[in-house]
Amino acid sequence: MTKNYQAEIVAVGTELLLGQIANTNAEWLSEQLAAYGINVYNHTVVGDNLDRVEEAFRLAQSRSDIVIVTGGLGPTEDDMTREGFVQLTDLPLVEDKITMDKIESYYQARNRTMTPNNRKQARVFEGARVLKNNAGMAPGMYVDYQGTHWFFLPGVPREMKQISVEELFPFLESLTGKQQVIQSTVLKFIGIGESNLEHELTDMIHEQTNPTIAPLAQDQGVVIRVTASASSKEEAQKLVADKKQEILARVGEYCFGEDEQTIENKVIELLTEQNKTIGAAESLTGGLFSSNLVSAAGASNVFAGSFITYQTAAKSSLLDLSAEWISKYGVVSKECAEAMAEQTALKLQTPMAISFTGVAGPDKQEGKPVGQVYIAICDAGEIVESNAILLSGNRNNIRERAALKGFELLYHYLKK
């Protein structure tokens, strides 16, 4: 009978708890471990405190078959990983000569004096298998302690990844024999809320076994993660693909892409296919739509430019909206959004343009409530989309959601 390995990832570092850096190591490791049929049951983050590190290690030892520790292997006093494991196991620390020679050579080659604390990076648990670090100083380590497989990796992501690829994963493959392979795909949706999407798929979610379906709300709409396990990669991929088709048969009209694809990528792709360029005029969004668009590869081929017309005077001087016209319609209006889009297309000599105007807050404007937003799209000299929406949240929430709504409207218009 094959063993179902239960894994845990322990990240050591107070900077993670303070939110100064994100725990991307655990995310990456979890994804990679799935390919070896290893389920990660727990992510633990612990600060640079010796007793708390030992406590986290003790808990991991009690509940996991495989424990991967990242961070806390550096030369400074607050690097507590080695000491925490020593308190748990009483394993002595010894200096690894190969690592120490490497560290000394590094400083000698640069004609620099090595500080004594760098010797700490060469300390390994007695009897440990040393995992070579070809991207940095401190090596990784493997220890089999009372039947639990412990792996210690540096916290620097490029060092952690290199040791994982060269040392950790080959070892895990021999350990598990890749008994089960886990494959997953993330389907991305826009224009439908999480609760509505879940409602459309209620029976599939309740009856799920393998593959599993997990709806999640994210900044760019809603995603569904479809995950399957099988004895081979091909079989797992087929299970995922079949379930994906079931889902798309019901709610495919809202799905704009999968995995790493973003709504910006998709809009650029559609504009490129249709040989169109686009410009933007932004009031309340203050350039956020344009910034998001140009952050995606390929934007230079389709994006003509933008006008940031935040104040009323800028709408007059840059987009030729006269004082009389503004007095009649106002700047927070459907008419203003449409005029902004038309004038942008004309001035930038581009077939398409999108505009944003509204009230981000904190106060009402022209009698319109905070969150009132108008978005218009012009194509070939005609207004093809003109939307009035009421958004909730603080100033930045409203701005971000307005920009996202603009991408949603563009996507649905371009894919018609």
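**A chat about pockets, a sheet and a serine**

Modeller: Let's start with the second largest pocket: the residues lining this pocket split into 8 nonpolar, 5 polar and 6 charged. Here Ala, Val, Leu, Ile, Met, Phe, Trp, Tyr, Cys and Pro count as nonpolar, Asp, Glu, Lys and Arg as charged, and the others, Gly among them, as polar.

Colleague: Hi! What kind of model is this?

Modeller: This is a predicted model, where local features need pLDDT of at least 70, side-chain atom pairs count only at pLDDT 80 or more, and totals for chains, interfaces and linings use all residues. Residues are numbered from 1 along each chain as its sequence is written, and side-chain values use heavy atoms, with hydrogens and water left out.

Colleague: Okay, and which residues lie nearest the centre of the second largest pocket?

Modeller: Asp219, Gly221, Glu400, Arg401 and Leu404, out of 19 lining residues. A pocket is an open set of points on a 1 Å grid over the protein atoms alone, where a 1.4 Å probe fits, with protein on both sides within 12 Å along at least five of seven lines; lining residues have an atom within 4 Å of a point.

Colleague: Which element gives the largest share of that lining?

Modeller: Helix H15, with 8 residues. Helices (H or I, at least four residues) and strands (E, at least two) are DSSP runs, numbered from the N terminus.

Colleague: And what about the largest pocket, which element gives the most there?

Modeller: That is H2, with 6 residues. The lining of the largest pocket divides into 10 nonpolar, 8 polar and 6 charged residues.

Colleague: New topic! What is the strand order in the open sheet of 4 strands?

Modeller: The order is S10-S11-S9-S12, and the pairing is antiparallel. Two strands pair if DSSP finds at least two bridges between them. The edge strands, S10 (212-218) and S12 (255-258), each pair on one side only.

Colleague: How many bridges join S10 to S11?

Modeller: There are 7, and S11 covers residues 221-230. Ala217 stands opposite Val222 in S11.

Colleague: Last one: Ser164, buried or exposed?

Modeller: Ser164 counts as buried because its relative accessibility is 0%. Buried means under 20% relative accessible area, exposed over 50%, and partly exposed in between (1.4 Å probe, protein chains only). Ser164 belongs to helix H6, residues 157-176.

Colleague: Which residues does Ser164 touch?

Modeller: Leaving out residues up to four places away in sequence, Ser164 touches Trp28, Leu29, Leu153, Phe169 and Pro170. Contact means heavy atoms within 4.5 Å.
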